[in-house]
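Here is a short briefing on one protein chain. Please look over the sequence and the model before reading on.

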Amino acid sequence: MKWWFGIDLWKRVMVGLVLGAATGLVLRQLLGPEAASENVIAWAKPIGDAFISLIKMLVVPLIFITLVTGVLAMGDPKKLGSLGGRALAMYMGTTFIAICFGLLMGTIVQPGAGFDTSIATAADLESTRAQLAANPPAGSVGEQLVRTLLSIIPSNPVQALANGDVLQIIFFAILLGIGILLSGDVGKPLQKIFDAASEAIMRMTLMVMETAPFGVFALMAWILGDRGLSILSVLGKMTLAHYVACTLHILITYGLIVKGIVRLPVLPFFRGAVDAQMVAFSTSSSNATLPMTISCATKNLGIDRPVASSVLPLGATINMDGTALYQGLIALFAVQALGIPMTPSMYFTIILTSTLVSIGTAGVPSVSLLLATTTLGIVGATPDQTVLIIAVLFPFDRILDMMRTVTNVTGDLAVATTVAKWEGELDEEVFRARDPV
């Protein structure tokens, strides 16, 4: 088996992705759609769910332990303020640009023009109403922002850890790290415990990531065996606009950040990010991908642990470029499909709303689509029209969510690389030493 482990992980994951997709499609041809769907749900979905559960298992301890050790490694709480401020500014800037790419491609491709919204069945509409009732909007955009800011402070840190509330975990971990630093020599024993725990959790992460090729294979077999290529054909123009917009944002925005701002070569960055991108594509979850994202940052890109441990968990929570881009694209899809007039001022409103709505979005599959209730409301869609648009998109959202997550994760790594370079926490020898693809 040495030959298997001698292959780069991203290549093994890519093989799993391609073989899984092919398996799902072949089963649909041989067994028929219904039998193939039952078949992959019986064996592929449980394997894929087990893989996602494995990496979700790591998320909370990984964020908490590595963030505490990251603060401790800085040695000075003031440095954390500089690092966090720079990361936040970059996250907001890239989110703004992402929405512009979404609006640009929505204007060029016109994904909603002439779209037949009658394909949404009564069952689809009822299911969507139930989904929205279970996830009601939190009020106006301003109210949502205030609620998000207040929810950062945990009333019970243990409950925050148990519930996996990432923002609250980040807040508590940073305060605990600062508290240990301010304790001086008294806090040294606790610091050693966290250092040992950090090493152990990273070893666990590497072990779990070795199962990624098999988990990705099962997930892709399940998705395409259950849905087939209809997942692309029904909303072909929407899929095209979304994938092109995300690809342009990744190549242009993140490429320019790495090459233009911090003067680093672009190809080693994208090679170093591929492992995380492949896991993101198959899981559709920024949080589930976080262990791999941190591993890529430290092992492939040479980002020191303190930066990776603080910037990346924060990014997995508030840096949702793919989500924000999708919000803009959904808005244009809706106005085109429903015949709603679009004014110049509405573009600005969409950009502002999409930026704020994306902050703190849960890094789980398809949550971005449910957030569209706010975005669709500002372009003039009625509640019934909002339900209709979401019902049309929901069955096909998984294939769009996969690319959104790739965009989110790549953005996290681009910002972490930039901040690490600015802070002198980037090992350029490791960054530039990536093997050729």
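**Fold and confidence**

The protein chain comes to 22 helices and 0 strands. The model is predicted. Its chain has 437 residues, and buried residues make up 55% of them.

- The mean pLDDT of the protein chain is 82. A score of at least 70 is reached by 84% of the residues.
- Confidence is highest in helix H12 (residues 236–261), at a mean of 93. Confidence is lowest in helix H11 (residues 230–233), at a mean of 60.
- Where pLDDT is low, the predicted coordinates should not be read in detail.
- Take the contacts between residues at least 6 apart in sequence: 86% of them join residues at least 24 apart.

**Packing of H9 against H14**

- Helix H9 (residues 188–209) packs with helix H14 (residues 286–300) at an angle of about 110 degrees. Their axes lie 10 Å apart.
- Angles of 65 to 115 degrees count as roughly perpendicular, so H9 and H14 are roughly perpendicular to each other.
- H9 contributes Met-202, Thr-205, Leu-206 and Met-209 to the contact. From H14 come Pro-291, Met-292, Ile-294, Ser-295, Thr-298 and Lys-299.
- By class, this contact of H9 with H14 has 6 nonpolar, 3 polar and 1 charged residues.

**Pro-291 in H14**

- Pro-291 lies in helix H14. Pro-291 is buried because its relative accessible area is 0%, and buried means under 20%.
- Ile-63 is 228 residues from Pro-291 along the chain, yet their C-alpha atoms are separated by 8.7 Å.

**Thr-410 in H21**

- Thr-410 sits in helix H21 (residues 397–422).
- Is Thr-410 buried or exposed? With 0% relative accessibility, Thr-410 counts as buried.
- Which residues does Thr-410 contact, leaving aside neighbours within four places in sequence? They are Ile-250, Tyr-254, Phe-269, Phe-270 and Gln-277.

**Cysteines**

- A search of the whole structure finds 0 disulfides.
- Cys-246 has 0% relative accessibility and therefore counts as buried.
- Cys-296 also counts as buried, because its relative accessibility is 1%.

Note on methods: Residues numbered from 1 in each chain as written. Predicted model: local features only at pLDDT ≥ 70, side-chain atom pairs only at ≥ 80, totals over all residues. Heavy atoms only, no water. Helix = DSSP H or I, 4+ residues; strand = E, 2+ residues; numbered from the N terminus. Buried < 20%, exposed > 50% of the residue type's maximum accessible area, 1.4 Å probe, protein only. Contact = heavy atoms within 4.5 Å. Axes fitted to C-alpha atoms, helices over the stretch in contact; angles between N-to-C directions. Parallel < 35°, antiparallel > 145°, perpendicular 65-115°, else oblique. Nonpolar A, V, L, I, M, F, W, Y, C, P; charged D, E, K, R; others polar. pLDDT = per-residue confidence, 0-100. Disulfide = S-S within 2.5 Å.
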